[in-house]
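Here's a quick briefing to read alongside the structure. Keep the view open and look up each residue as it comes along.

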Amino acid sequence: MLMNGVPVGGLSHPLEWMVKTMPDIAVLIKRVPDTIAKIIVVDGTIDLSGVKWIISPYDEYAIESALQHREATGGSVTAITLGNADCDKTLKDAKALGCDELVRLWQDGWESLDSNGVQSILAGAISDLGSEIVYCGKAAADTNAGSTGPGVAEKLGWASISNVVSVSFEEGGVEALVPVAGGQAKVGINFPCLLTIDKGPNEPRRPNVRGIMMARKAEVNLKGGQAPAATISVISKSTPPAKPPGKTYHGAENVPAVVQALRDEANVI
Amino acid sequence: MAYEGLDFYDVESLLSEEEVMIRDMVRDWVEDEVLPKIEHACREGIFPDEWRVALGEMGVLGAPLKGYGCPGLSYMAYGLICQELERGDSGLRSFASVQGSLAMYPIWEFGNEEQKEKYLPKMASGEWVGCFGLTEPDYGSNPGDMITKAEDMGDHYLLNGAKMWITNGTIADVAIVWAKLDGVIKGFIVEKDDEGFSAPEMTGKHSLKASVTSELVFQDCKIPKDRMLPDVKGLKGPFSCLNNARYGISWGAIGAAQACFHSAKEYALSRIQFDHPIASYQLVQNKLAWMLREITKAQLLAYHLGLKKDDSTWFAEQISLAKMNNVDMALEIARMARDIHGANGILDEYCIMRHMANLESVKTYEGTHDIHNLIIGKYITGIQAFTRKLD
Ligand SMILES: Cc1cc2nc3c(=O)[nH]c(=O)nc-3n(C[C@H](O)[C@H](O)[C@H](O)COP(=O)(O)OP(=O)(O)OC[C@H]3O[C@@H](n4cnc5c(N)ncnc54)[C@H](O)[C@@H]3O)c2cc1C
């Protein structure tokens with residue numbers, strides 16, 4: 001059902017065809033606190049000083065898919081992030097893994113963008129770049145919202161598939177494997193399109209020294225843009241309710257009570 | 001809790017972004033791929049082959065060498081690589097030290113063009129493993145008196161003799177062997193299939209169990225003429241290799257010490273005796289404070305030596321001091337950490353006893369602790385005290 005040999009409009013030269021069949025691939029990545037970092041809350045706000053920052057784990061799977069796409073069909077992979085100068089390191093980590101170009105989107109006043117704003121800026125950058133396929137993680141490890149991918153696709157007017165666990169690459173599109181009730185579905189999709197990536201069989205690659213040396217020399221393209229007015233306002237923040245204290249049982253005579261509690265209250269057996 | 005290297009004086013802020021990325025790359029690999037498998041490797045007495053492949057893929061073998069497939073990283077980066085590998089296990093760091101500093105380096109520094117092109121790219125990628133044969137059964141601290149000899153037979157050399165305690169020996173494709181030709185020490189490249197060469201593994205070690213240690217036996221071993229390293233003679237050859245490896249060990253020891261410190265700290269905080277965590281008792285805090293103090297000093301020593309290596313202003317006695325001091329502190333920290341862990345400290349559920357046993361080897365190889373004292377003693381007094389005439 002895929003579109004092998006889908007014509008790309010107005011080609012006159014065979015070489016141009018070669019170039020055009022190699023897709024411009026983009027991957028959206030986000031800098032988040034290490035998922036094993038100790039999060040300290042001071043007066044209701046999170047103190048992130050001293051926290052190690054990483055590429056959000058699902059985004060690592062997205063990078064892996066993007067790199068495999070390039071390896072299968074040629075083309076180039078642009079890593080895009082939205083964030084302040086600290087995020088250059090995040091992009092360089094992506095470069096060390098093998099991404100070709102690095103784009104950081106930022107300008108003053110973007111500190112408190114809502115998700116609508118973030119999606120608009122990312123969508124604008126993707127259409128400026130002329131990307132044909134975009135990969136991103138299914139959700140970021142900090143907010144866990146999962147709205148960015150579908151939101152960006154919506155703004156671009158593109159088709160998208162969420163929670164993809166594996167991708168096979170065709171000319172002019174891809175086939176994506178997604179979990180569905182009772183199994184997995186294989187879905188074909190034409191360019192331009194966006195995929196949000198879940199953990200799958202392809203473990204993200206590790207960097208190597210060569211990649212890290214390339215990253216040192218890599219340039220980050222800084223771009224600004226137009227952000228829509230905020231549509232969301234935060235009314236209040238609160239910490240999660242304290243966990244109720246656990247129950248303690250003593251003595252063998254309480255075994256039936258423990259079993260019952262595990263079955264009926266905790267629902268674990 | 002997740003491992004975070006102790007960095008009391010913020011040495012990280014002195015490193016380049018590239019150096020930090022390389023350190024983290026190795027740290028993550030050790031965390032994910034080495035630590036879950038190390039105890040099994042030790043119990044079986046094997047060096048898992050997948051680690052050879054991974055080290056090659058990461059590109060850390062022969063890290064500070066440039067060209068011929070080697071990345072030409074800073075000596076600082078090389079030190080950090082050693083530190084992270086040895087946080088995993090001294091045997092793992094030994095593999096990388098021997099490959100890079102003791103086998104690749106002499107080819108890179110003293111070899112001819114053909115030798116460099118033939119061996120270095122395959123060794124940098126990990127495809128070929130190297131070993132370094134200097135020590136003999138009867139000549140350890142005084143390798144200058146070695147017996148192994150080479151004879152010029154016109155169209156080839158003939159090697160005879162035996163080396164002992166050779167890391168990677170049995171798994172090596174290439175051995176750098178130091179032997180006397182007409183009474184002068186020269187370096188020879190021996191390949192695993194050379195006639196008259198064998199490398200049986202030594203067994204029964206209680207230390208560096210995840211590292212292969214072997215004898216190298218040469219019985220009329222025939223070596224083509226183009227396998228001698230042309231540009232070096234005398235002890236300068238092996239000693240210049242040892243300088244690089246010893247430098248790496250001074251960083252590696254910090255990794256082992258960090259692993260023990262981390263475990264001791266976590267254990268002390270969670271172990272309750274007399275109703276309170278043992279970390280709340282002054283005697284235990286004193287031990288932890290001593291560990292932090294020694295690790296911090298060792299880090300500054302290694303860091304400063306790294307700077308000197310990178311701008312070529314070092315001298316050999318400085319490396320002796322760092323190797324001796326840092327291994328000594330790591331071994332003391334391992335022993336102290338064992339004490340803090342109580343009986344649990346002897347189990348392989350914790351890394352302590354493994355590091356402690358490993359560090360006994362590290363204290364001895366690459367110049368024993370006291371040989372380094374003698375090197376420094378000679379530096380201070382101008383009098384060599386290695387040997388004298390006994391009546
Ligand atoms: C696990 C392991 C791996 C090794 N890998 C390699 C390798 O890859 N290649 C290689 O060539 N070698 C290797 N070695 C050998 C190592 O370098 C030697 O063991 C080391 O040089 C010490 O030699 P020795 O064991 O013969 O001890 P000895 O030299 O016999 O020393 C015994 C003791 O005497 C002391 N001593 C010696 N001379 C003096 C002196 N003049 N004054 C005061 N004290 C003195 C020493 O400090 C030591 O305490 C390895 C060793 C081990 C344990």
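A salt bridge here is a side-chain nitrogen of Lys or Arg within 4 Å of a carboxyl oxygen of Asp or Glu. Going by that rule, there are 37 salt bridges over all chains. Keep in mind that this is a predicted model: local features need pLDDT of at least 70, side-chain atom pairs count only at pLDDT 80 or more, and totals for chains, interfaces and linings use all residues. For finding your way, residues are numbered from 1 along each chain as its sequence is written, chains are lettered from A and ligands numbered from 1 in the order in which they are written, and side-chain values use heavy atoms, leaving out hydrogens and water.

**A salt-bridge network**

- Arg206(A), Asp32(B), Glu33(B), Lys37(B) and Glu50(B) are linked in a network of salt bridges.
- Asp32(B) pairs up with Arg206(A), and their closest N and O atoms are 3.1 Å apart.
- That pair crosses between chains, from helix 1 (residues 17-44) of chain B to the loop between strand 13 (193-197) and helix 6 (209-217) of chain A; helices (H or I, at least four residues) and strands (E, at least two) are DSSP runs, numbered from the N terminus.
- Glu50(B) and Lys37(B) form a salt bridge too, at 3.0 Å from N to O.
- Glu50(B) sits in helix 2 (residues 49-58) of chain B and Lys37(B) in helix 1 of chain B, so the pair ties together parts that are 13 residues apart in sequence.

- Buried means under 20% relative accessible area, exposed means over 50%, and partly exposed is in between (1.4 Å probe, protein chains only).
- Asp32(B) is partly exposed at 43%, and Arg206(A) is partly exposed at 31%.
- Asp194(B) and Arg227(B) meet in a salt bridge (2.8 Å, N to O), and both of these residues are buried.
- Val174(A), in strand 11 (residues 173-180) of chain A, is buried at 0% relative accessibility.

**Surface patches**

- Patches are made of residues with over 30% relative accessible area and no salt bridge, joining like charges within 9 Å and nonpolar side chains (Val, Leu, Ile, Met, Phe, Trp, Tyr) within 5 Å.
- Val255(A), Val259(A), Leu262(A), Val268(A) and Ile269(A) make a nonpolar surface patch of about 430 Å², an area that comes from the Shrake-Rupley method with a 1.4 Å probe, where for residues only the protein chains shown count as cover.
- Val259(A) belongs to helix 7 (residues 255-265) of chain A.
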